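Hi,

Here is the structure I promised to pass on. Have a look at it first, and then read my notes below.

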Amino acid sequence: MKNYLKLMLSVLLLSSTLSALEISSYSGDARFYYGTADSYNDELFKQEGASGQFALALDLDLNVSEGVALNFGTTLLTTLGLENSLITYPFAGSTTKNQLWLDEVNLEIELIKDTEVTIGRQYLSSPLLYSIDWNIVSNAMDGAYIVDTHLPKTKVMGFWIGREWSNDYNATVDELNFAGNFRTFREKGAYGVGLQTELIPTVTADFWYYDVMNDSSALWLQLESDLKNFNLGAQFSSRSPEQGDSISGYALRAKYSQDFYSIDASFSQMSKDGSVNIVNLAGVYGDGSKSPLYTEAWWNWGYVGSADTISYALKTEATIRDIYLGVYLTQTTNSSSDIDTRDITLSANTDVDNLNIMAVYIYIKRDDYNNANGYNTLQGYLTYSFK
């Protein structure tokens with residue numbers, strides 16, 4: 001009862017504040033995600049191997065004054081009781097209890113012309129540290145992000161992150177709260193500085209340095225060139241932990257695109273030694289998180305960026321009669337651990353008015369899981385956007 005009173009007071013206070021502000025835009029969506037795998041009992045659509053969740057997200061952007069905007073975002077997560085019959089695991093939050101999060105509240109300020117800063121809870125975008133894009137909700141972070149575009153065809157960026165949303169929830173010790181389950185980013189937070197430039201004709205170059213305090217530092221370099229229907233890319237990254245061995249690696253990609261289809265092939269190789277992986281530093285699964293390398297698998301993460309791994313990927317996408325189709329193949333080999341993996345994913349999605357419908361089939365075989373036997377996963381995604 002106490003939490004509901006706090007929520008009602010917050011809504012009343014917010015509504016009185018909003019009446020004096022100009023609404024710039026509002027948006028949101030309603031989602032239902034479902035997934036089932038046969039690695040648990042050799043059968044699909046069994047409750048023991050199924051995940052599912054509903055989400056309702058609402059976002060509101062307000063103009064406070066010239067050059068200042070205030071952004072709010074809330075997300076409701078619920079299983080609607082499906083854990084009693086259809087699913088076992090939620091997609092986000094590690095609990096089947098209902099959750100209501102204030103996952104975005106920040107100020108966007110134009111400090112001076114061509115220099116903007118965002119302060120507060122926000123979604124972060126940078127090559128090696130970013131808010132995830134695969135879950136039913138993303139992971140917001142508390143901090144500040146600054147972008148300067150004074151230099152011609154160049155952006156200079158920097159950020160500080162103090163806290164992050166945690167996907168972990170322990171029902172015996174954690175208490176659900178309106179703000180969501182947030183924790184300090186690693187031990188002391190993280191910062192990053194980066195530069196993106198298009199001064200070289202047809203080439204976009206990204207250079208980033210990251211420091212996760214008391215954890216590790218990292219470098220990211222990426223060059224991409226567009227030449228008619230071709231896109232050529234090269235990535236290099238290194239990561240040095242406070243304790244343990246450093247890792248470095250590179251990836252190469254060639255992509256060909258036409259009006260209705262594209263195909264790209266990529267290759268990556270990591271250094272032989274390394275006690276950490278090249279992954280999204282803000283991933284919710286640590287070194288098993290998704291990697292920004294070109295070769296990353298569609299679903300089977302945590303391998304392409306690990307030490308002594310060679311990876312190959314072939315991906316093609318096409319649009320046929322308003323249906324967006326994708327075929328993705330990633331193969332990894334590791335001579336040190338003797339763990340090889342394969343991910344084959346087929347996807348199809350289409351829009352029916354404001355409703356996006358997506359179906360995915362995934363075949364995964366990895367030597368360190370399910371007795372090295374391949375297994376199948378089916379996923380369905382429904383997203384209705386409020387426009």
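Which strands each supply at least two residues of the lining of the second largest pocket? They are E1 (22–37), E2 (50–65), E18 (355–366) and E19 (375–386); strands (E, at least two residues) are DSSP runs, numbered from the N terminus.

Before the rest, some housekeeping. This is a predicted model, where local features need pLDDT of at least 70 and side-chain atom pairs count only at pLDDT 80 or more, while totals for chains, interfaces and linings use all residues. Residues are numbered from 1 along each chain as its sequence is written, and side-chain values use heavy atoms, with hydrogens and water left out.

Back to that pocket (on a 1 Å grid over the protein atoms alone, an open set of points with protein on both sides within 12 Å along at least five of seven lines; lining residues have an atom within 4 Å of a point). The second largest pocket holds about 740 Å³ of space, a volume being the space filled by probe spheres set on the points, which are joined across faces, edges and corners. Its lining has 27 residues, and Tyr-40, Ser-51, Tyr-285, Trp-299 and Gln-379 lie nearest its centre.

There is also one cavity of 30 Å³ or more, a cavity being a set of points where a 1.4 Å probe fits but cannot get out. The largest cavity has about 40 Å³ of space, and its lining includes Ile-132, Trp-134, Tyr-285 and Trp-301.

Next, take a look at Asp-103, in strand E4 (residues 99–112). Asp-103 is buried (under 20% relative accessible area, 1.4 Å probe, protein chains only). Asp-103 has no salt bridge (a side-chain nitrogen of Lys or Arg within 4 Å of a carboxyl oxygen of Asp or Glu); Arg-121, the nearest side chain of opposite charge, is 7.5 Å away. What the side chain of Asp-103 does have is a polar contact of 2.4 Å with the side chain of Thr-75, and another of 3.4 Å with that of Tyr-123. Such a contact is a pair of N or O atoms within 3.5 Å; within protein, one must be able to donate a hydrogen and the other to accept it, and residues adjacent in sequence count only if both atoms are side-chain atoms.

Finally, the backbone: Ser-94, in the loop between strands E3 (68–78) and E4, has a positive phi of about 55° although it is not a glycine. Arg-186, between E8 (182–184) and E9 (190–197), also has a positive phi of about 55°.

Cheers

Note on methods. Helices (H or I, at least four residues) and strands (E, at least two) are DSSP runs, numbered from the N terminus. Buried means under 20% relative accessible area, exposed over 50%, partly exposed in between (1.4 Å probe, protein chains only). Lys and Arg count as positive and Asp and Glu as negative; His and the chain ends are not counted.
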